Structures are given as structure tokens and as C-alpha cells.
Amino acid sequence: MEFLLSQQFVVLSNDTSSETRSCTEYLRATPLGKATALSGIAPRDAVVVLASLTQARRSLILQSGFHAVFLVTPPSPSVEPCWSEYERMLDGFLTEYPDVQLVCDLLKVR
């Protein structure tokens, strides 16, 4: 619960009843909390995704779809890629699409 509060997935709210003159404290989901729950992404992964999206808002590279593909890739896939094949493909992208290097530099890939 501390993690959810500290990362602002939920906030404490107060509800004061005029009839009973009592104050009730409850947890309320923030827009980030609602989006995370609806997406099915674990809260710790959502923090990583949010950081990537925040950075992308400042410097999104749209010359190719490579940056967009990175942004929609789940942060913790259930399948471990073959890293040598991944590197081979990345080298091919770098040769064929020079703007991919801009994205790699931005994302600190390599």
C-alpha cells in the first residue's frame, strides 16, 4: 500500500457527512491508478512505462515506427528473447534505417 500511495496510484480522501458530522477517510484511485488497473500492467512496471512515456513526450522520434514499437513493448515480457538474434536484427535496422540510431541513443541502447 505504501508503494501505491508513494507513486500516486491511490490517494487518501476524506468524506465529511453533514448528516452525521463525521469524517470518513478512504482510498481513491488516481487516473494513473485506474489506467494501470485497466491495462493489466503491474504497478512496478507501470512506473517504468510512465517514465518512458514521459521521456517520449519530450523527444518522440516519429521518422520510423521504431520508437513507437519500443513504447508499446511490455516492460516484463513472459518470453525471454534470443539476445543474439535481437542484436542481429538491431544491426540490420541500424544499417537500413539511420533514424533507428537516434532512438537507440535516446533510449541508451548499446
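**Helix packing and a buried threonine**

Student: At roughly what angle do the axes of helix 5 and helix 6 cross?

Tutor: Happy to start there, with a predicted model whose local features need pLDDT of at least 70 and side-chain atom pairs 80 or more, while totals for chains, interfaces and linings use all residues. Residues are numbered from 1 along each chain as its sequence is written, and side-chain values use heavy atoms, leaving out hydrogens and water. Helix 5 (residues 83-96) and helix 6 (residues 99-107) have axes that come within 6 Å, and the crossing angle is roughly 125 degrees.

Student: Is helix 5 parallel or oblique to helix 6?

Tutor: Under 35 degrees counts as roughly parallel, over 145 as roughly antiparallel, 65 to 115 as roughly perpendicular, and the rest as oblique. The crossing is at roughly 125 degrees, so helix 5 is, relative to helix 6, oblique.

Student: Which residues of helix 6 make the contact?

Tutor: Contact means heavy atoms within 4.5 Å. Helix 5 contributes Leu-90, Phe-93 and Leu-94. Their partners in helix 6 are Val-100, Gln-101 and Cys-104.

Student: Is Thr-36 buried or exposed?

Tutor: Thr-36 sits in helix 2 (residues 31-39). Its relative accessible area is 6%; under 20% is buried, over 50% exposed and in between partly exposed, with a 1.4 Å probe and protein chains only. Therefore Thr-36 is buried.

Student: Which backbone oxygen does the side chain of Thr-36 reach?

Tutor: Beyond its neighbours within four places in sequence, Thr-36 is in contact with Phe-9, Ile-41, Ala-42, Pro-43 and Ala-46. At 2.8 Å, its side chain reaches the backbone oxygen of Leu-32.

Terms used
Axes fitted to C-alpha atoms, helices over the stretch in contact; angles between N-to-C directions. Helix = DSSP H or I, 4+ residues; strand = E, 2+ residues; numbered from the N terminus. Polar contact = N/O pair within 3.5 Å; in protein donor to acceptor, adjacent residues only side chain to side chain.
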